[in-house]
Amino acid sequence: MTDAVAAVDLGATSGRVMLGYLGHDELRLVPVARFPNQPVRTVDGLHWNILELYRNVVAGLGSAVREEPGLRSIGIDSWAVDYALLDGDRMLGTPFHYRDDRTSRGVDLVHGVAGFDELYGVNGLQFLPFNTLYQLAAEKDGGWLERADTMLLVPDLLAFWLTGARRAEATNASTTGLVNVTTGQWDDALIGRLGYPRGVFPPLVHPGATIGTLLPGVAAEIGMSGSSLPVTAVGSHDTASAVVAVPAATENVAYISSGTWSLVGVELDRPVVSEAARAANFTNEGGVDGRIRFLQNVSGLWLLSESVRTWERESGSGESIDLPTLLAQAAAVTAPMPVFDAGDPVFIAPGDMPGRIAAWCAERGLAVPGSRAEVVRSILESLAAAYASSLRQASELSGRRVDTVHVVGGGSQNALLCQLTADRTGLPVVAGPVEATAIGNVLVQARAQGMVDSSTSLEALRALVARAFPLVTYTPTAG
C-alpha cells in the first residue's frame, strides 16, 4: 500500500500522530509519535499547554513525512469545548482547561439571559458547566472577548497554525452550545442575546472539506518544501471520529467511546429535543455525514487514572503502580462494592479521587471501599451502572432498539469494565478497536482524497473496520 494520510489525534491526557494506510479492502494504522498532554496551573487557573502540543504535532508530522514522503493529507481531532481567542494572528492568552473552575460564573451569567430549557430547544445540548457558551460568558465578563476577532476550538487553532485558514469544523462547533441543532449553523439570535460578537465565529466547514494547504514555513519544517499538502477537515470532535470507526453491522447498536470521558449513545438521522430528552440531560451533537450523536457525556476512566495519580503521589517513594496488576486484583474482589454517582460534579476537578469517593459513600451511608483494589472495583462498577442507565434511556428516548453495545477507545482494553457493562446491560459488548478515533480520522481523509470512492457510506467504512481490526465479544453472565 502506498496511499497514506496522517491523523493527529489529541486526547485529554495524551496525543499521537498516526499514519493511516488504505488499500483494496485493507486498513492499517502505524503510530509515528506519542506524547503526553498535561495541563499547567498558573495563578489565574488551569490551562492547556497548547504550544507544547503544537510543537509535538509538528515534530510528529515530520516523522510521518520521513516515513511516507508521499503523504496525501493531514487531519486533526481533539477533545471538545476548549478554544483560543485571537487578535489578528496573536493568541490572547493560553487556552483554559475545561476543568478550570471559572466556568461556574459563566453558567450563572448565561442562565440569567436564557434558561437551560430554552437553550436546549436551540442547541439540543446536555448541560455541562464547561460548555463553550459558558466559558465565553466568563471571557466576556472579564473583558477578554471584546479584544478578540476570532474564536478557534483546539483542532481549528492547530489547523490555523498549519495553514493560515480560520475555519470551524462542524462536529466540534456543535458542542459549543452556539450552533442551532436544527439548521446546523451558528445561531445568530442566541449569539446576539448573549452579547457575543458574531464576527469571532469563523465559517463552518464539514468533514471531508479542505481547510487549507500547509504554509510554506510549516511545509519546510516537516520536510515537505514545495508541497501543497492539504489539511482535511475530519470529525474534529474526537467522539465524532470515533463513531465513524464503530464496527457496527446493523443500526440496532449503541456505542460507548471510552476514555478519559465516556460518550454513551446511539447514532440517529435527526435530533431528539423532547422535554423527556432534556430532563434526562441527553445531548445532540453533530456527526460525520450529517448524522446526530444522541448521547450522554458520562464520567470515564478519568476516575481511575486520577486515583492512580493520587496513590503514586501519596506514596512519597516514586512508586509506579502497575495497572494490569491492579485491575486483576479488582476483578478478584468478591464482596459487593458501593456504586456511586460517577457523574456527580464533585468528581470533575483534579485531586484526591479515592478520598472523594470515600466521602461520597460515607455521606450516603454506603460502605466505603478500603483497599486500592476495592476502590478500583467500585469505580468500574459505578461506570458500568452509569453506562447501563444511559443506554437504557438512549433507547427509550430515541426509539432505537439496541441489540449490541460497541465499546471503542482505550476502555475497550479494560476487560473487567467491558464484562461488567455486559452484565449490567444484559447485552453483548463488542470491544474494539482501541484507536477508533484515529481510524475514523483516517477514513474521512481517505474518502476525501479518493483513496476510497467518494460515495462510500459510513456503513461500508465500518465494515472495513470490522474486517481490519480484532474485536472481542463479552457475553452477559447469569445472575
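## The chain at a glance

Helices and strands here are runs assigned by DSSP, at least four residues long for a helix and at least two for a strand, and numbered from the N terminus. Counted that way, the protein chain holds 17 helices and 20 strands. Keep in mind that this is a predicted model.

How does the chain's radius of gyration fit a compact globule? With 479 residues, such a globule would come out near 23 Å, and the chain has 22 Å, so the two agree. Along the principal axes, the C-alpha atoms fill a box of roughly 65 × 55 × 55 Å.

Of the 479 residues, 59% are buried. The accessible surface comes to about 18100 Å², and carbon and sulfur atoms account for 51% of that.

Now for who touches whom. Take the contacts between residues at least 6 apart in sequence: 72% of them join residues at least 24 apart.

Seven strands line up as an open sheet in the order 16-17-15-14-18-19-20, with mixed pairing. Strand 16 (283–286) and strand 20 (472–474) sit at the edges with a single partner strand each, so one side of each has no neighbour in the sheet. From one strand to the next, the twist averages 30°.

Helix 14 (residues 372–398) lies across strands 14, 15, 17 and 18 of this sheet, and runs at about 155° to strand 17 (292–299).

## Zooming in on strand 18

Strand 18 (residues 404–408) pairs with strand 14 (residues 253–258) in the parallel sense, over five bridges. Among the bridge partners, Ala 254 goes with Val 405, and Ile 256 goes with Val 407. Strand 18 also pairs with strand 19 (residues 429–431), again in the parallel sense, over three bridges. There, His 406 stands opposite Val 430.

In a regular strand, side chains alternate between the two faces of the sheet. In strand 18, Thr 404, His 406 and Val 408 point one way, while Val 405 and Val 407 point the other way. Five of the five residues are buried, so strand 18 is largely enclosed by the rest of the structure.

## Helix 17 and its buried side

Which residues of helix 17 (residues 458–468) are buried? They are Leu 458, Leu 461, Arg 462, Leu 464 and Val 465. These residues cover an arc of only 155° around the axis, which means they lie on the same side of helix 17.

What do they pack against? The partners are strand 2 (14–23), strand 3 (26–36), helix 9 (238–244), strand 15 (261–268) and helix 16 (436–448).

Key. Residues are numbered from 1 along each chain as its sequence is written. This is a predicted model: local features need pLDDT of at least 70, side-chain atom pairs count only at pLDDT 80 or more; totals for chains, interfaces and linings use all residues. Side-chain values use heavy atoms; hydrogens and water are left out. Buried means under 20% relative accessible area, exposed over 50%, partly exposed in between (1.4 Å probe, protein chains only). The arc is that of the directions from the helix axis to the C-beta atoms. Contact means heavy atoms within 4.5 Å. Two strands pair if DSSP finds at least two bridges between them. Axes are lines fitted to C-alpha atoms, for helices over the stretch in contact, and angles run from 0 to 180 degrees between N-to-C directions. The radius of gyration is taken over C-alpha atoms; the globule rule is 2.2 Å times the number of residues to the power 0.38. Accessible areas come from the Shrake-Rupley method with a 1.4 Å probe; for residues, only the protein chains shown count as cover.
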